[in-house]
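Dear colleague,

I am passing on the structure below, and I would be glad if you could look through it alongside the notes that follow.

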Amino acid sequence: MPVGLLRLAARWLAPWRTQPLCQETLTLLLRGNTGDPAALTALLGRPPRPVPAFAAGEHQSAERAESAAGLAAGLARAALALIWAAGGLASLLPGGRSAGFALLAQLGVHGPLAWLLLLGGAGLDLAFALLTLHPAAGRRLWAAQAAIVALYGAIAAVGLPGLLADPLGAIVKNLALLALLGQLALHAEPD
């Protein structure tokens with residue numbers, strides 16, 4: 001990974017001190033992580049074990065599964081944050097704003113209420129994007145997101161039934177999003 005991108009990520013994550021990536025850890029990583037094993041060999045009375053021997057046998061499979069699950073959860077959260085951020089930002093851009101007002105008009109919503117719903121929805125989406133990346137994100141956040149996805153989907157399905165037949169699956173894709181949120185909630189620590 002490019003060092004510049006790591007530095008940017010470390011700066012962005014700085015307010016959340018529980019993250020494994022911060023300025024201090026990045027400095028340590030860039031300095032290198034190997035040393036002379038002589039002192040450890042003397043302390044142990046034998047050479048240190050190679051890394052593949054750390055977890056052997058039955059434990060190795062469980063540790064590999066736990067590591068893969070952690071990576072999958074991190075990727076899922078990043079993808080989810082990107083979905084929320086893209087939706088929120090799209091609603092603020094001129095083209096997305098026009099499309100949003102057109103959809104709201106089809107639902108019979110105009111004027112200040114349309115502005116309130118569009119900007120409020122964009123703000124909520126952006127807040128969800130940021131909260132999704134927060135280390136303390138948990139079941140309550142996933143439940144709130146699932147409720148909003150279900151609400152958005154129900155309003156669209158009832159008020160704009162043509163979206164149900166959309167060849168790009170605008171509404172049907174919400175099922176995958178709900179499944180992802182369910183998985184995150186299932187594997188999250190209790191709030």
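**Findings**

G111 lies in helix α6, where helices are DSSP runs of H or I with at least four residues, numbered from the N terminus. This is a predicted model, in which local features need pLDDT of at least 70 and side-chain atom pairs count only at pLDDT 80 or more, while totals for chains, interfaces and linings use all residues. Residues are numbered from 1 along each chain as its sequence is written, and side-chain values use heavy atoms, with hydrogens and water left out.

With a relative accessible area of 37%, G111 is partly exposed (buried means under 20%, exposed over 50%, and partly exposed in between, with a 1.4 Å probe and protein chains only). The C-alpha atoms of G111 and R49 are separated by 70 Å, the two residues being 62 apart along the chain.

Helix α6 also holds W115, which counts as partly exposed at 41% relative accessibility. On the surface, W115 forms a nonpolar patch with L89, L92 and L119, and together they have about 360 Å² of accessible area (by the Shrake-Rupley method with a 1.4 Å probe, only the protein chains shown counting as cover for residues). Such patches take residues with over 30% relative accessible area and no salt bridge, nonpolar side chains (Val, Leu, Ile, Met, Phe, Trp, Tyr) being joined within 5 Å and like charges within 9 Å; a salt bridge is a side-chain nitrogen of Lys or Arg within 4 Å of a carboxyl oxygen of Asp or Glu. The elements giving two or more residues to this nonpolar patch are α4 (58–92) and α6 (111–133).

With kind regards
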